[in-house]
Amino acid sequence: MNKSETAVSPEITARANTLLEQMSLAEKVGQLAQISGADFMPGPPAEEIIRQTGAGSLLWLNDTKQFNELQKIAIEESPSGIPILFALDVIHGYRTIFPVPLAMAASWDTAVPEQAQAIAAKEARAAGIHWTFGPMIDIARDARWGRIVEGAGEDPYLGSAMAVAQVRGFQGDDLADPEHMLACAKHFAGYGAADGGRDYDPVFLSEAQLRNVYLPPFQAAVDAGVATFMSAYMDLNNVPASGNRWLLRDVLREEWGFDGFIVSDAFAVGNLVIQGHAKDVRDASYRAIKAGLNMDMASSSYLQTLADLVEDGSLAVEEIDELVRPILTLKMQMGLFENPYVDETLLEKVIALPEHRAAARLAAQRSMVLLRNEDNLLPLAKDWQNVAVIGPVADSMEATEGSWMVFGHQPAAVTVLQGIRAKLPEATVTYAPGPAIRRDFPSPFEDFMPELKKPPQTPEESDAAFETAVTTAQAADLVIMVLGEEAHMAGEFASRGSLDLPGRQEELLKAVCALGKPVVLVLLNGRPLSINWASENVPAILEAWEPGTEGGNAVADILFGDVNPGGKLPVCFPRNGNHAPLYYARTLTHQPEGSPMYRSRYWDSLTTPLYPFGFGLSYTTFEISNLQLSAAKVKVGETIEVTAVVTNTGQVAGDEVVQLYTHQKWGSDSRPMRELKGFERVTLQPGESKTVTFQLGPDELRYWSTNANGWVQEAAAFDIWVGADSLATLHADFEVVD
Ligand code: GLC
């Protein structure tokens with residue numbers, strides 16, 4: 001699907017206009033309201049609002065039977081009988097949970113998120129959900145920001161590819177397909193650049209940063225035909241995104257031609273008052289409407305004030321019609337008027353499909369990144385008889401399934417402990433969690449995840465747990481440490497100042513390593529972690545992220561050699577939280593980092609990343625060679641073809657991700673020392689070679705120039721590197737001439 005395919009037909013536009021003519025102002029305002037189905041919300045019950053005016057959409061409900069009951073009220077008892085769009089955060093799975101989006105980006109394989117979101121859509125639609133608040137496509141270069149887990153990492157090229165794949169997965173090829181759902185590109189825009197990585201904090205980005213880094217995935221989503229957008233919470237250059245006309249009208253609609261509709265983030269219209277932007281709720285609604293925000297999520301500001309604003313002449317009814325129309329046309333394109341109800345017998349058939357779990361296992365396998373494997377300790381033989389699995393997340397379903405397990409999602413993951421025990425049925429596999437880990441300040445989401453509301457451990461209990469873990473490790477021949485973060489330590493309202501392993505995990509790791517036994521470290525986490533000590537002292541480290549329902553099986557598949565890991569980091573791992581924001585695509589400066597005189601930007605620590613963007617090891621080895629260009633010189637506007645040969649030089653089959661980076665040596669603006677402009681994941685048998693081909697044309701070589709205050713593609717000399725991560729050394733030059 002792409003934007004032209006989701007374009008609204010004249011027939012549907014005419015049908016929507018006819019309906020608009022029949023609707024009262026109150027009914028039109030009802031369509032601009034997304035009301036809450038959750039019982040934690042004050043105010044009149046949803047059914048009362050629906051009876052009075054109807055509602056554009058309802059969220060935070062996950063109950064198939066109730067969906068049909070509310071839909072019946074909308075159709076039979078509301079004035080205009082317009083069906084409701086039911087919406088929920090189906091971010092990486094509905095009942096079959098896939099790896100978190102950051103993990104799926106680490107697969108560098110767009111088929112992974114596309115298939116995942118297609119299955120998520122199938123299950124969610126069977127439950128009666130029409131619309132997901134995904135994909136989240138915020139670029140994140142500050143690992144302290146908790147929501148880095150929901151996106152595709154630091155790079156706009158990889159992020160755009162993953163955004164398009166997810167839109168395709170959710171929406172399929174036809175909005176009327178009952179096994180697909182409306183997608184929602186969020187959070188528009190720049191949310192990942194919050195000051196200090198502090199969630200919700202203000203964002204200050206130049207137009208060049210927005211245009212070159214933070215906006216491209218959103219434009220890619222529009223070109224892929226995404227049906228809806230969500231405006232972000234935070235102030236963008238002092239103007240809240242949800243009241244930001246430049247973002248919502250000038251860029252999204254005028255420049256990019258987006259013709260779907262925009263929903264605010266939760267309560268974000270009403271929040272304009274709290275943010276000190278709007279004088280009162282009435283002013284907030286006025287500003288949001290003027291900015292082009294169609295739907296008010298849960299704040300009821302529109303419901304309370306829009307009719308008055310029209311009646312007193314502050315707003316014209318045509319301005320309301322313009323924002324209601326795309327909501328009606330999307331409901332018509334989905335066939336919602338013809339098929340408003342869901343078959344209540346469908347869900348149990350759909351969510352039990354074995355192929356869904358198989359897809360989740362494959363996605364988890366392809367997302368994991370091998371960070372270290374000294375002396376090829378991995379893969380482990382399957383004849384180990386006495387294995388200890390140690391760590392606070394080793395048997396945690398929540399940590400395995402990860403963020404967004406709220407609103408009725410039921411964690412059912414295979415934990416790492418369970419996966420290892422399944423892999424070694426004859427062995428003795430012991431387990432000790434070690435000291436508990438917990439946030440210093442609780443997450444508001446713990447109210448939805450009571451299983452996370454554990455009482456604090458006393459120092460004595462912590463010490464006892466520590467000793468038990470060390471004793472358990474002592475009694476084993478092999479130790480698998482499973483460390484990282486609990487589900488609510490990344491995600492919304494889950495920013496942190498440090499990137500260290502929370503709690504006493506590193507202390508426990510050191511104590512276990514001191515026993516002198518073979519130790520493997522598995523990380524379950526939603527963000528990069530500064531595992532400096534482990535990176536030098538633990539021989540084997542597997543980054544498993546938050547791998548979803550089949551995560552434990554996928555970890556065991558890799559540890560014991562049934563699968564050769566091929567994932568690569570979609571975000572660099574800083575050595576310390578206070579190095580953030582840290583990212584590879586920086587300009588050179590007058591003293592490039594790493595030169596003999598300037599080894600580090602700080603005098604007290606190395607500021608190069610612990611693990612660079614694009615990095616990941618394999619159980620085999622590869623060579624990338626024979627870099628060829630179709631020309632040494634091309635004109636502005638022409639395309640150059642780049643080829644390279646990748647060979648599996650090892651003993652087992654494996655995947656390599658061949659990456660292409662460019663650097664424009666001079667221009668109107670200083671340009672990043674490297675930028676990803678192509679990648680391909682290839683599977684090779686031992687000794688096998690493959691030629692990979694990339695195209696570099698105007699789309700890849702243009703950029704938004706501060707100096708030129710616009711998009712430019714310039715005559716200049718360029719570096720090219722092709723390799724297996726962002727430090728690639730295989731180099732060539734080419735020139736672009738006028
Ligand atoms: C949340 C999040 C947003 C989510 C919305 C609805 O606060 O910011 O990502 O989709 O509310 O749950």
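Author: Domain bounds come from an automatic or database domain assignment, and on that basis the protein chain is divided into domain 1 (3-272 + 286-346), domain 2 (353-579) and domain 3 (622-737). This is a predicted model, in which local features need pLDDT of at least 70 and side-chain atom pairs count only at pLDDT 80 or more, while totals for chains, interfaces and linings use all residues. Residues are numbered from 1 along each chain as its sequence is written, and side-chain values use heavy atoms, with hydrogens and water left out.

Reader: Why is the pair of arginine 15 and glutamate 338 called a salt bridge?

Author: A salt bridge is a side-chain nitrogen of Lys or Arg within 4 Å of a carboxyl oxygen of Asp or Glu. The closest N and O atoms of arginine 15 and glutamate 338 are 2.9 Å apart, so the pair meets the rule. Arginine 15 lies in helix H1 (residues 10-22), and glutamate 338 lies in the loop between helix H14 (317-333) and helix H15 (346-351), 323 residues apart; helices here are DSSP runs of H or I with at least four residues, numbered from the N terminus.

Reader: What makes glutamate 338 count as partly exposed?

Author: Buried means under 20% relative accessible area and exposed means over 50%, with partly exposed in between (1.4 Å probe, protein chains only). Glutamate 338 has 48% relative accessibility, and therefore counts as partly exposed. Arginine 15, at 34%, is partly exposed as well.

Reader: Why is arginine 249 called buried?

Author: Its relative accessibility is 12%, which falls under the cut-off for buried, so the word applies to arginine 249. Arginine 249 forms a salt bridge with glutamate 322, with the closest N and O atoms 3.0 Å apart, and glutamate 322 is partly exposed at 34%.

Reader: How do you know that domain 1 and domain 3 touch?

Author: Contact means heavy atoms within 4.5 Å, and by that rule 11 residues of domain 1 are in contact with 13 residues of domain 3. The area buried between domain 1 and domain 3 is about 1200 Å², where buried area is the accessible area (1.4 Å probe) that two parts lose on being put together, summed over both. In domain 1, Trp108, Tyr157 and Asn212 lose the most area to domain 3, together 53% of what that side buries.

Reader: How many salt bridges does the rule find across the interface of domain 1 and domain 3?

Author: Across that interface the rule finds zero salt bridges.

Methods. Helices (H or I, at least four residues) and strands (E, at least two) are DSSP runs, numbered from the N terminus.
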